[in-house]
Amino acid sequence: MPIVGMEWKEHVGWLAPIAMTMVAYVTTKYGRAIIQHRNMRISVLSFAVAAFVATGIAGAFGAFLNKYAPIRGGDVIILMQEEVP
């Protein structure tokens with residue numbers, strides 16, 4: 001589960017603002033004309049709902065992962081070790 005959670009948190013958390021930017025652009029460009037076009041209205045609302053749901057799931061994964069695998073520090077941080085022949 002931690003691997004799926006991290007991937008969801010990183011990638012979907014990155015794509016959700018892009019989807020909301022699309023929603024904002026289409027809404028400002030077409031304004032009240034969206035009301036007349038049923039398919040466009042459904043598509044824009046679907047993108048908005050999907051972005052909010054995905055963001056909520058990413059936030060939940062972030063909260064659960066911080067409880068499950070907290071960052072633990074120490075006196076020394078070892079980035080790489082020497083190979084011993």
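A helix here is a DSSP run of type H or I with at least four residues, numbered from the N terminus. With that in mind, this predicted model shows a protein chain that has two helices and zero strands. The helices are α1, which covers residues 2-30, and α2, which covers residues 38-68.

**The chain as a whole**

- Of the 85 residues in the protein chain, 18% are buried, and the accessible surface of the chain comes to about 7400 Å².
- Carbon and sulfur atoms account for 67% of that accessible surface.
- When contacts in the chain between residues at least 6 apart in sequence are considered, 70% of them join residues at least 24 apart.

**The nonpolar core**

- The largest nonpolar core consists of five residues, namely Val23, Val26, Ile34, Val44 and Ala48, and the elements that give two or more residues to this core are α1 and α2.
- Valine 23, one of the core residues, touches Val44, Phe47 and Ala48 once residues up to four places away in sequence are not counted.

**The nonpolar patch on the surface**

- Trp8, Val49, Val53 and Ile57 form a nonpolar patch on the surface, and together they have about 330 Å² of accessible area.
- Helix α2 gives the most to this patch, with three residues, while Trp8, also part of the patch, is found in helix α1.
- Tryptophan 8 has a relative accessibility of 30% and therefore counts as partly exposed, a class that lies between the limits of under 20% for buried and over 50% for exposed.

**Phenylalanines of helix α2**

- Phenylalanine 47 is found in helix α2, and because its relative accessible area is 44%, it is partly exposed.
- Leaving aside neighbours within four places in sequence, phenylalanine 47 is in contact with Ala19, Met22 and Val23; for alanine 19, which is 28 residues away from phenylalanine 47 along the chain, the separation between the two C-alpha atoms is 6.3 Å.
- Phenylalanine 52 also has its place in helix α2, and its relative accessibility of 59% is why this residue counts as exposed.
- Between the C-alpha atoms of phenylalanine 52 and methionine 20 the separation is 8.6 Å, although the two residues are 32 residues apart along the chain.

- Leucine 65 is a residue of helix α2, and it is buried because its relative accessible area is 10%, the limit for buried being under 20%.
- Leucine 65 and methionine 6 are 59 residues apart in sequence, and their C-alpha atoms are 7.9 Å apart in space.
- Alanine 24 lies in helix α1, where a relative accessibility of 41% means that alanine 24 counts as partly exposed.
- The C-alpha atom of alanine 24 is separated by 9.1 Å from that of valine 44, and these two residues are 20 residues apart along the chain; valine 44 is itself one of the residues of the largest nonpolar core.

Technical notes:
Residues numbered from 1 in each chain as written. Predicted model: local features only at pLDDT ≥ 70, side-chain atom pairs only at ≥ 80, totals over all residues. Heavy atoms only, no water. Patch = residues over 30% accessible without salt bridge, like charges linked within 9 Å, V, L, I, M, F, W, Y side chains within 5 Å. Areas by Shrake-Rupley, 256 points an atom, 1.4 Å probe, with all protein chains shown as cover. Salt bridge = Lys/Arg side-chain N within 4 Å of Asp/Glu carboxyl O. Buried < 20%, exposed > 50% of the residue type's maximum accessible area, 1.4 Å probe, protein only. Contact = heavy atoms within 4.5 Å. Core = buried A, V, L, I, M, F, W, Y, C linked by side-chain atoms within 4.5 Å.
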